[in-house]
2 protein chains.
Amino acid sequence: MTNPSLLILPGDGIGPEVMAEVRKIIAWYGDKRDVHFDVSEGLVGGCSYDVHGTPLTDETMELAQSVDAVLLGAVGGPQYDNLDFSVKPERGLLRLRKEMDLYANLRPAQCFDALADFSSLKKDVVAGLDIMIVRELTSGIYFGEPRGIFKEGNERVGINTQRYTESEIERVARSAFELARRRNNKVCSMEKANVMESGILWREVVQRVHDTEYPDVQLSHMYADAGAMQLCRWPKQFDVIVTDNLFGDLLSDAAAMLTGSLGMLPSASLGAPMANGRPKAMYEPVHGSAPDIAGQGKANPIACILSFAMALRYSFDMGDEATRLEAAIEKVLADGARTGDLLGPEGGSPISTAQMGDAIVAALDASL
Amino acid sequence: MTNPSLLILPGDGIGPEVMAEVRKIIAWYGDKRDVHFDVSEGLVGGCSYDVHGTPLTDETMELAQSVDAVLLGAVGGPQYDNLDFSVKPERGLLRLRKEMDLYANLRPAQCFDALADFSSLKKDVVAGLDIMIVRELTSGIYFGEPRGIFKEGNERVGINTQRYTESEIERVARSAFELARRRNNKVCSMEKANVMESGILWREVVQRVHDTEYPDVQLSHMYADAGAMQLCRWPKQFDVIVTDNLFGDLLSDAAAMLTGSLGMLPSASLGAPMANGRPKAMYEPVHGSAPDIAGQGKANPIACILSFAMALRYSFDMGDEATRLEAAIEKVLADGARTGDLLGPEGGSPISTAQMGDAIVAALDASL
Ligand SMILES: [Mg+2]
Ligand SMILES: [Mg+2]
């Protein structure tokens with residue numbers, strides 16, 4: 001059997017630093033668990049522009065299409081702010097998402113007990129929170145035509161079009177139901193079927209996919225505004241939430257903020273199953289490239305390491321190893337290890353990016 | 001000088017009960033402050049259907065158009081669930097909003113210190129919160145054409161259209177800036193100008209209205225997803241938020257839930273200025289008709305009384321009297337008066353709807 005393949009794209013800013021810690025974790029799995037990956041590496045974002053004049057070369061795009069999973073650090077930085085739109089660092093990321101057709105964006109909102117105090121929510125509301133928002137990522141109002149600013153009589157009118165086909169809804173619904181089966185078997189679908197026809201179709205199709213393919217999963221429907229309320233009131237009532245691109249944009253960010261530790265959150269973007277049964281997949285931390293602290297050994301590598309844990313679970317079918325890695329992170333945090341971003345107003349002495357990575361490796365050792 | 005005119009539409013369920021307490025407040029203003037209103041009363045919702053076969057008669061609609069402000073209780077109830085869509089209780093409400101062209105929906109998110117424990121947020125995050133969300137209410141994706149579910153090749157597609165003209169944005173922006181001048185002089189406008197052309201136009205027009213008409217007001221812009229985050233993180237950073245129909249739907253409900261006391265919140269829906277300079281206006285509590293407790297004297301009248309306070313401030317230019325009324329409510333709550341909905345898990349003995357109204361009148365007396 002061949003090893004699973006992984007393309008690492010560290011990117012810009014703190015990307016390379018946090019990715020170096022992921023490499024320690026990957027090495028540990030080879031040494032101690034006999035779990036090996038064929039790892040390749042490439043450039044994306046500003047660092048690719050610096051070398052190749054483009055934020056993503058065709059060669060790297062091709063490589064991304066051929067591997068089992070892509071793990072990306074972060075892209076962007078102030079030195080690229082004035083580049084032409086077509087070669088901005090973010091275009092590299094968007095090209096990956098688009099050409100790999102990554103339609104299901106998985107945004108976990110997890111709260112480690114040790115960090116619950118960082119939330120604006122009361123501790124009992126947020127401690128132990130573990131929900132997953134599945135956001136449709138390649139269609140909806142951010143992509144629909146017609147769009148633009150048009151002249152109409154004496155004034156202008158701004159127009160965007162929300163647009164979902166049955167098959168677009170079906171495939172992201174399947175992603176959500178598959179996920180729920182690996183979790184607590186509950187899906188809540190959110191739309192505005194009370195006032196939007198696209199929401200009526202969304203609800204109908206999600207229900208049909210459920211009834212015909214996933215009758216074992218518990219399905220509920222909620223209007224997206226009520227969903228926003230319930231996320232603020234008692235987020236633990238949810239397991240998997242599936243929603244469209246626009247609602248998912250707001251709800252996933254609100255849910256992320258509820259955890260209070262935005263810099264800790266991983267994400268996955270999944271597409272259709274490939275010939276080997278694995279989904280097209282890209283994993284990346286939610287945080288950005290943080291140019292202000294880049295190169296100083298201050299960055300928190302946990303979001304990137306948790307993104308690798310998601311790859312273990314969703315691309316490589318190694319849920320137990322993902323759980324082991326998450327538990328190691330939980331233990332390190334419970335023991336009090338803190339990078340600078342995790343220090344509260346009372347202060348304390350932060351450890352470095354590398355020290356955090358080493359602490360997680362040590363906790364992995366202790367897990368054996 | 002003629003008295004300002006007020007049309008009271010108690011509606012269904014707990015509507016008449018809570019409105020009876022507002023009548024006590026109105027009487028108090030006449031007796032003790034020599035502030036008089038020409039009050040008329042009408043039917044809306046199920047009670048109108050029962051008598052007239054329609055949730056709103058043309059006569060009542062005409063009356064609503066002729067008065068200075070409408071104060072509505074609540075509409076709906078299970079006995080009307082199977083009525084034809086066209087005569088459902090909610091249609092009465094929608095007809096009022098539409099024919100009066102109430103384009104600016106004002107949704108305050110206020111948290112009384114005495115009730116801060118009800119919030120899922122930490123007390124310091126929410127105590128004393130007082131922000132106002134201005135939601136565009138008559139245009140945007142809930143109204144734009146084309147809309148529907150259409151056949152396209154082998155499958156169906158659900159379509160809705162986000163659509164804003166410059167003048168639609170201008171008028172709601174003006175509402176927000178006017179409001180800010182009466183408050184803390186700060187407006188934050190929210191859209192997704194990074195991915196939506198309608199958001200680009202929104203931002204441009206709000207900025208232009210600011211620069212040409214309200215340069216004294218502090219204006220900022222925020223992407224709506226970041227806005228959702230910031231509302232969850234530190235809502236007190238805001239004063240007035242202005243946003244479109246869709247984003248406002250989610251953000252105003254999320255903000256309301258943050259206060260923890262959904263049953264306490266008033267709202268106003270304002271339209272264009274009338275000949276006398278007052279805006280077309282309808283005031284109503286955010287809560288519904290609560291048929292499960294109707295007629296039992298258990299309902300909390302505060303949201304409806306706070307809606308009348310908004311009428312004092314925004315229709316009748318009696319901001320000082322509105323503040324007096326709000327302070328009276330604050331005092332009553334601080335003194336421990338609680339209707340059943342305000343009892344926490346530790347219980348206690350609730351007072352009745354009428355007792356709460358009487359307590360507020362007594363606090364008004366004490367304010368003199
Ligand atoms: Mg977002
Ligand atoms: Mg709503």
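Mentor: A definition comes first: helices are DSSP runs of H or I with at least four residues, strands are runs of E with at least two, and both are numbered from the N terminus. Please also keep in mind throughout that this is a predicted model.

Trainee: Which residue just after H4(A) takes a positive phi, and of about what value?

Mentor: Helix H4 of chain A covers residues 89-99, and the place to look is just after that run. The residue there with a positive phi is A:Asp101, and its phi is about 55°.

Trainee: Which residues of helix H4 of chain A are buried?

Mentor: The test to apply is a relative accessible area under 20%. Seen down the axis of H4(A), the residues that count as buried fall within an arc of 95°, so they line one face of the helix. What covers them includes, in chain A, strand S1 (5-11), helix H2 (46-52), helix H3 (58-66), strand S3 (69-74) and strand S12 (279-285). The buried residues of H4 in chain A are A:Pro89, A:Gly92, A:Leu93 and A:Leu96.

Trainee: In chain B, where is B:Asp101 found, and how accessible is it?

Mentor: B:Asp101 is not a glycine, yet it has a positive phi of about 55°. Its place is the loop between helix H4 (89-99) and strand S4 (104-110) of chain B. B:Asp101 counts as partly exposed, because its relative accessibility is 31%.

Trainee: At what distances is the magnesium ion listed as ligand 2 coordinated?

Mentor: In helix H9 (residues 245-259) of chain B, B:Asp249 and B:Asp253 are 4 residues apart, which means that about one helical turn separates them. B:Asp249 is buried at a relative accessible area of 4%, and B:Asp253 is buried at 9%. Together with A:Asp225, these two residues, B:Asp249 and B:Asp253, coordinate ligand 2 through OD atoms, at 1.9 to 2.2 Å.

Trainee: About what area is buried between chain A and chain B?

Mentor: The size of an interface is often given as the accessible area lost when the parts come together. Here the contact takes 52 residues from chain A and 53 residues from chain B. Carbon and sulfur atoms give 59% of the area buried between chain A and chain B, which is about 4,700 Å².

Trainee: Which residues of chain A lose the most area to chain B?

Mentor: For an area of about 4,700 Å² buried between the two chains, one can look at the chain A side by itself. Three residues there account together for 14% of what that side buries, and they are A:Arg156, A:Met229 and A:Leu250.

Trainee: How many salt bridges does the rule find across the interface of chain A and chain B, and which element of chain A gives the most residues?

Mentor: Between the chains, 31 residue pairs are in polar contact, and the rule finds 10 salt bridges across the interface. A salt bridge joins the side chains of B:Arg156 and A:Glu166 at 3.2 Å, N to O. Elements giving two or more residues to the side of chain A that touches chain B include strand S6 (144-152), helix H6 (166-182) and helix H9 (245-259). The element that gives the most to that side, with 11 residues, is S7(A).

Trainee: Which peptide bond ending at A:Pro146 is cis?

Mentor: A:Pro146 has its place in strand S6 of chain A, while B:Pro146 is found in strand S6 (residues 144-152) of chain B. In chain B, the bond from B:Glu145 to B:Pro146 is cis, with omega near 0°. In chain A, omega is about 0° for the cis bond that joins A:Glu145 and A:Pro146.

Methods: Residues are numbered from 1 along each chain as its sequence is written. Chains are lettered from A and ligands numbered from 1 in the order in which they are written. This is a predicted model: local features need pLDDT of at least 70, side-chain atom pairs count only at pLDDT 80 or more; totals for chains, interfaces and linings use all residues. Side-chain values use heavy atoms; hydrogens and water are left out. Buried means under 20% relative accessible area, exposed over 50%, partly exposed in between (1.4 Å probe, protein chains only). The arc is that of the directions from the helix axis to the C-beta atoms. Contact means heavy atoms within 4.5 Å. Donors are N, O and S atoms within 2.8 Å of the metal (3.2 Å for Na, K and Ca); water is not among the atoms, so sites may look incomplete. Buried area is the accessible area (1.4 Å probe) that two parts lose on being put together, summed over both. A salt bridge is a side-chain nitrogen of Lys or Arg within 4 Å of a carboxyl oxygen of Asp or Glu. A polar contact is a pair of N or O atoms within 3.5 Å; within protein, one must be able to donate a hydrogen and the other to accept it, and residues adjacent in sequence count only if both atoms are side-chain atoms.
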